[in-house]
Amino acid sequence: MNNAMLAAVRTLLKETFDGPEENASWYTEAKPASGLFGTLEKLSAEDASIPVNGTTIAAQTHHTRYYLWVVNSYLNGEEPIKDWEASWKITNVDKITWAQFNNELQQEYTKLLKKIDSFDSFDEQTSNGLLGAIAHSAYHLGSIRQIVKAIKVISQT
């Protein structure tokens with residue numbers, strides 16, 4: 001990849017989802033499995049369904065997947081019909097649905113990385129979409145990690 005901005009976008013998305021490389025980090029903990037996938041893989045469907053401050057990890061995960069689907073749609077030249085409210089409706093999951101959410105999140109993330117790899121350059125709209133994907137996903141990673149801390153406290157009481 002010859003474009004420094006695209007390389008940076010890819011690096012930061014990978015840190016958000018896969019975690020940092022080689023105990024170095026731009027903004028997450030410099031520990032293995034501190035990205036979104038490492039955080040989610042430690043959680044059961046029951047954990048993901050515990051409500052904390054009006055949301056659940058299942059809802060956060062579903063919404064993040066939906067957001068990536070929207071970004072991928074725009075990057076493919078599509079104009080998706082969006083229903084942001086619906087992306088928050090699923091708050092409770094069983095084991096099968098939780099595995100499906102994680103799989104679909106991985107698929108949308110992989111599509112986004114492949115799309116980034118196909119760019120030589122990009123316009124302002126694409127720049128905003130890519131940077132928004134980083135910011136939005138990092139925000140939800142932080143939210144999920146805070147909920148994880150809260151449910152650990154809840155389970156200890």
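Helices here are DSSP runs of H or I with at least four residues, numbered from the N terminus. This is a predicted model, in which local features need pLDDT of at least 70 and side-chain atom pairs count only at pLDDT 80 or more, while totals for chains, interfaces and linings use all residues. Residues are numbered from 1 along each chain as its sequence is written, and side-chain values use heavy atoms, leaving out hydrogens and water.

Q: Why is Thr 64 called buried?
A: Thr 64 is found in helix H4. Buried means under 20% relative accessible area, exposed over 50% and partly exposed in between, with a 1.4 Å probe and protein chains only. Thr 64 has a relative accessible area of 0%, so it is buried.

Q: What is Thr 64 in contact with, leaving aside its neighbours within four places in sequence?
A: Contact means heavy atoms within 4.5 Å. Phe 17, Leu 36, Leu 105, Ser 137 and His 140 make up that list for Thr 64.

Q: Why does Asn 53 count as exposed?
A: Asn 53 sits in the loop between helix H3 (45-48) and helix H4 (57-75). Its relative accessibility is 79%, so Asn 53 counts as exposed.

Q: What is the phi of Asn 53 near?
A: Phi of Asn 53 is near 50°, a positive value in a residue other than glycine. Most residues other than glycine have a negative phi.

Q: Why are H4 and H5 called roughly parallel?
A: Angles run from 0 to 180 degrees between N-to-C directions, with axes fitted as lines to C-alpha atoms, for helices over the stretch in contact. Under 35 degrees counts as roughly parallel, over 145 as roughly antiparallel, 65 to 115 as roughly perpendicular and the rest as oblique. H4 and helix H5 (residues 95-118) pack at about 30°, with axes 9 Å apart. H4 and H5 are therefore roughly parallel.

Note on methods:
Helix = DSSP H or I, 4+ residues; strand = E, 2+ residues; numbered from the N terminus.
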